[in-house]
Amino acid sequence: MPYSPSPQPSAADRDAHGSPENARRPRVTLARGASPWLLPTVASAAATAALTRRSGRWALAAVPLSALSAGMLWFFRDPEREIGAGRVISPADGVVQSIDAWPDGRTRVAIFMSPLNVHVNRAPLPGTVTSVDHVPGGYVPAFNKDSDRNERVVWHFDTELGDIEMVQIAGAVARRIVPYLEPGAKVEQGERVGLIRFGSRVDTYLPAGVEVGVEVGQKTTAGVTRLDRD
C-alpha cells in the first residue's frame, strides 16, 4: 500500500546551494520527520536538568538524557550539499555493501548506512515519482543478506534513463521510513526524498547498459557520489 508522505518541501529546502555566503559555510538543519523522536527526548532532558536545582539526584537522569539528546541532534542532521555531476548519483551516505547483477539486466547497488551517517536520502536522478510503495517485513540488521525481506519503501522514478527503482530498507533499529514525496511529484537530482530513522540500507537499480562507477567498500555521499560511469 502507498505510504503517506510528509508535507512537500519548501523552495528553500529544495535549494541545495543557497546564497554565496551559505556556499562558503554549509548550513546544517534537522531532518523533517525527526520530531516524534527528538522533541520528547529534548523535553525530558530539559525537565530533568531544571529539577537538578531542587535535588542533585535528578542529575542521574539529566546527564544521560542530555547525552541522548545531543546524539539524536547529531543523528538527525541534514546538511546542505553541492550536488555532484553524473547521470546517477548516490541516494545515501554510507558504504557500498554489494553490487549485484539482476536477471533483467539491471545492476543493484546496495549502500549500508550506519547510525553515524546522515539518514536523509536523495533522488538519484531528476524525473517524476511514479510510485511510492510500503512493503511490510522484518527488522534484521541491514548488513545481513536476509534484510532483503525487511520493512521497506520502494520508489520508482520516470527519468531520462527510463524507470529507476530505489528501495529504502529498514534495519534492526530503524523502524520508520518517512517519505517526503508522493506519486506525481517532480524531483531534481539530489533533492531530498525521505528519511530512514536509525541504521539502514538503500538500494539503487541501475538500468541495463549503465556501467557501475563505484566498488564494494567505497564510501558514498548522498547527492554527491556518482554511481555510474561513462
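1. Secondary structure. In this predicted model, the protein contains 4 helices and 15 strands.

2. Burial and surface. The protein has 230 residues, and 47% of them count as buried. Its accessible surface comes to about 11200 Å². Carbon and sulfur atoms contribute 58% of that surface.

3. Contacts along the chain. Among the contacts in the protein with a separation of 6 or more, 71% join residues 24 or more positions apart.

4. Aromatic pairs. A pair of aromatic rings is described by the distance of the centres and the angle of the planes. The count of such pairs in the protein is 2.

5. The pair of W102 and Y205. The ring centres of W102 and Y205 lie 5.4 Å apart, and the planes meet at 75°. Planes over 60 degrees apart count as edge-to-face, so the pair of W102 and Y205 is edge-to-face. W102 is partly exposed, at 30% relative accessibility. Y205, by contrast, has a relative accessible area of 7% and is therefore buried, as the limit is under 20%.

6. The pair of W155 and F157. Here the ring centres are 5.8 Å apart and the planes are at 5°. Because planes under 30 degrees apart count as stacked, the pair of W155 and F157 is stacked. W155 is buried, with 0% relative accessibility, and F157 is buried as well, with 1%.

How values were computed: Residues are numbered from 1 along each chain as its sequence is written. This is a predicted model: local features need pLDDT of at least 70, side-chain atom pairs count only at pLDDT 80 or more; totals for chains, interfaces and linings use all residues. Side-chain values use heavy atoms; hydrogens and water are left out. Helices (H or I, at least four residues) and strands (E, at least two) are DSSP runs, numbered from the N terminus. Buried means under 20% relative accessible area, exposed over 50%, partly exposed in between (1.4 Å probe, protein chains only). Contact means heavy atoms within 4.5 Å. Accessible areas come from the Shrake-Rupley method with a 1.4 Å probe; for residues, only the protein chains shown count as cover. Rings of Phe, Tyr and Trp (its six-membered ring) pair if their centres lie within 6.5 Å; planes under 30 degrees apart count as stacked, over 60 as edge-to-face and the rest as tilted.
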